[in-house]
Amino acid sequence: MTDAVPGPARVLVVEDDRELGPLLTRLFRGAGYEADLAPDGQAGLHLALTRRYDAMILDRGLPAIEGLDLLGRLRRSGVTVPALVLTALGTVADRVAGLDGGAEDYLVKPFEVDELLARVRVLLRRRGTAGERLAVGDAEFDLISRTVTGPDGSVVALSGRESDLLRLLARNPSRAYTREQIVAQVFPDATTVTLVDTYVHYLRRKLGAAAISTVRGVGYRLGRP
Ligand code: CA
């Protein structure tokens with residue numbers, strides 16, 4: 001897990017082409033992302049199930065597990081990370097198959113790297129507002145609906161700012177954030193760091209005192225001390 005605040009976006013590239021795969025990972029790293037390369041569908045499946053990513057680039061023609069099959073397995077496993085499918089197949093039927101298979105976007109080879117980067121930026125923007133669930137203790141936090149569903153099925157609705165604060169903490173649950181870091185990430189318009197204390201108070205009132213712990217001399221982090 002990265003230690004940055006909140007860390008560069010992480011991209012998984014699943015591409016078996018010996019030149020294109022490393023080229024893409026270099027491209028993403030050069031653009032400021034963290035990038036992992038899986039050279040076949042099996043490795044891609046393993047990485048996507050065991051690491052956290054913000055976007056996936058999947059080649060369709062892959063050894064071991066074909067790209068759309070891989071995507072289907074990931075979606076059935078609850079992996080909602082947005083995916084862009086790369087393919088040499090450019091017919092309408094192939095595009096429809098890709099989008100029906102759970103891909104958010106589709107790019108036909110050969111493509112311009114600038115277009116790939118632009119489309120990944122769109123995926124990442126969408127990712128910020130849609131389609132993600134995070135664990136908060138035994139509860140589940142839905143970033144679309146801004147609700148936290150407890151293990152007993154109870155549902156708590158959060159305000160936009162409460163949701164933004166909880167998202168930061170829940171994305172890096174082992175990490176403590178200073179109030180200054182939280183302000184920079186969540187309340188960039190705030191004039192005082194005490195706003196953080198206010199929203200921590202609101203979240204504790206809604207989710208229980210144990211939802212966020214105070215780390216003495218540092219700030220706050222998710223969960224019990
Ligand atoms: Ca291929």
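Biologist: Is D16 buried, partly exposed or exposed?

Modeller: D16 counts as partly exposed, because its relative accessibility is 32% and the class between buried (under 20% relative accessible area) and exposed (over 50%) is called partly exposed, with a 1.4 Å probe and protein chains only. Please note that this is a predicted model, in which local features need pLDDT of at least 70, side-chain atom pairs count only at pLDDT 80 or more, and totals for chains, interfaces and linings use all residues. Residues are numbered from 1 along each chain as its sequence is written, and side-chain values use heavy atoms, with hydrogens and water left out.

Biologist: Which protein donors does the calcium ion have?

Modeller: They are D16 (OD), D59 (OD) and G61 (O), at 2.1 to 2.3 Å from the ion. Donors are N, O and S atoms within 2.8 Å of the metal (3.2 Å for Na, K and Ca); water is not among the atoms, so sites may look incomplete.

Biologist: And what does the pair of D16 and G61 tie together?

Modeller: D16 belongs to the loop between strand 1 and helix 1, and G61 to the loop between strand 3 and helix 3, so the pair ties together parts that are 45 residues apart in sequence. Helices (H or I, at least four residues) and strands (E, at least two) are DSSP runs, numbered from the N terminus.

Biologist: What is the strand order in the open sheet of five strands?

Modeller: The order is 2-1-3-4-5, with parallel pairing; two strands pair if DSSP finds at least two bridges between them. Strand 2 (34-38) and strand 5 (105-108) are the edge strands, each pairing on one side only. From one strand to the next, the twist averages 20°.

Biologist: Which strands does helix 1 touch?

Modeller: Helix 1 (residues 20-30) packs on the sheet and touches strand 1, strand 2, strand 3 (55-59) and strand 4 (83-87), where contact means heavy atoms within 4.5 Å. The direction of helix 1 makes about 170° with that of strand 2; axes are lines fitted to C-alpha atoms, for helices over the stretch in contact, and angles run from 0 to 180 degrees between N-to-C directions. Helix 3 (residues 67-76) also packs on the sheet, touching strand 1, strand 3 and strand 4.

Biologist: Turning to strand 11, how many bridges join it to strand 12?

Modeller: Four bridges join strand 11 (residues 212-215) to strand 12, and the two run antiparallel. S213 has R221 as its bridge partner in strand 12. Three residues lie between the strands of this hairpin, where G217 takes a positive phi near 80°.
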